[in-house]
Amino acid sequence: MSAAPVSVATLAAMKARGERIASLTCYDASFARLLDAAGVDVMLVGDSLGMVLQGHETTVPVTMEHMVYHTASVARARGRALVVGDLPFLACATPERALDNAARLMQDGGAQVVKLEGGAPMLETVRRLSEQGIPVCAHLGLLPQSVNRIGGYRFQGRDHASAEAIRHDALAMQDAGASLLVLECVPAALAGEISRTLSIPVIGIGAGAACDGQVLVLYDMLGLNTRRPPSFSRDFLGECGSIGSAVRGYVEAVRSGAFPAEAETPY
Ligand code: KIV
């Protein structure tokens, strides 16, 4: 593993070499130092912080102020890993609003990539951000910001029509200029097919082992969660004994393809 700072170009080169990308969510400077030292490639300052740090039932209450604050905390401690900042609920309601919010996340928060949820309605926004030189991570499959419309945290893409829509949106996101794609809670076969088809790296969560990389919510993989953990997560702290070795264990398991195992691949 090179000590050079990770960029979107590094991730593209890793995909081309068939090296898997290890990513975790991160919300503060202390964990950022630890994750970076353990070899994590991408630290995602996810709006999941609304649930794991703030105790909300959903990510909907998370604001731009929260995201800038936590992204800046992580970015300050960054060594090698790439910092991706999440654009929260309605931050991309129009392309203009998305441009302003992406600028805040990068200029005030220090994000190097911005992530946004959504398929076809987000294409124009992805195009506009990319044209301005902003690296975008698209997010398809389960869209937690839309939980009130979906009616729960359900796996997506299990029937022909919705699988086809995700397949189509994934290609469209790449064509619109996205540099990365997160696929959340979709069947492993679909995620594998999309990862092979796209030239940009595809990072899966609850999407099987055939993606170009994996991401987990940090508090889930450390077992710091009194709720039932998602079926696709693993308690690496329970297995490894210390937080540092848990994160190193996760990075090794992603790189070797040992995570996720079949038992952690629901569909
Ligand atoms: O907010 C978040 O943490 C995310 C990951 C679960 C991909 O979007």
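The structure is a predicted model. The disulfide count is 0.

**Largest pocket**

- The lining consists of 34 residues, and those nearest the centre of the pocket are Met51, Tyr153, Val217, Asp220 and Pro230.
- At least two lining residues come from each of helix 3 (49–52), strand 4 (113–117) and strand 6 (180–184).
- By class, this lining comprises 16 nonpolar, 10 charged and 8 polar residues.

**Second largest pocket**

- Strand 4, strand 5 (136–141), helix 7 (147–150) and helix 8 (160–176) each contribute at least two residues to the lining of the second largest pocket.
- Helix 8 provides the largest share of this lining, namely 4 residues.
- The lining of the second largest pocket divides into 15 nonpolar, 8 polar and 3 charged residues.

**Cysteines**

- A disulfide requires two cysteine sulfur atoms within 2.5 Å.
- The cysteine sulfur closest to that of Cys185 belongs to Cys211 and lies 11 Å away, so the separation is too far for a bond.
- For Cys211, the closest cysteine sulfur is in turn that of Cys185, at 11 Å, again too far for a bond.
- Cys185 is buried, at 5% relative accessibility, and Cys211 is likewise buried, with a relative accessible area of 4%.

Terms used: Residues are numbered from 1 along each chain as its sequence is written. This is a predicted model: local features need pLDDT of at least 70, side-chain atom pairs count only at pLDDT 80 or more; totals for chains, interfaces and linings use all residues. Side-chain values use heavy atoms; hydrogens and water are left out. Buried means under 20% relative accessible area, exposed over 50%, partly exposed in between (1.4 Å probe, protein chains only). On a 1 Å grid over the protein atoms alone, a cavity is a set of points where a 1.4 Å probe fits but cannot get out, and a pocket is an open set with protein on both sides within 12 Å along at least five of seven lines; lining residues have an atom within 4 Å of a point. Ala, Val, Leu, Ile, Met, Phe, Trp, Tyr, Cys and Pro count as nonpolar, Asp, Glu, Lys and Arg as charged, and the others, Gly among them, as polar.
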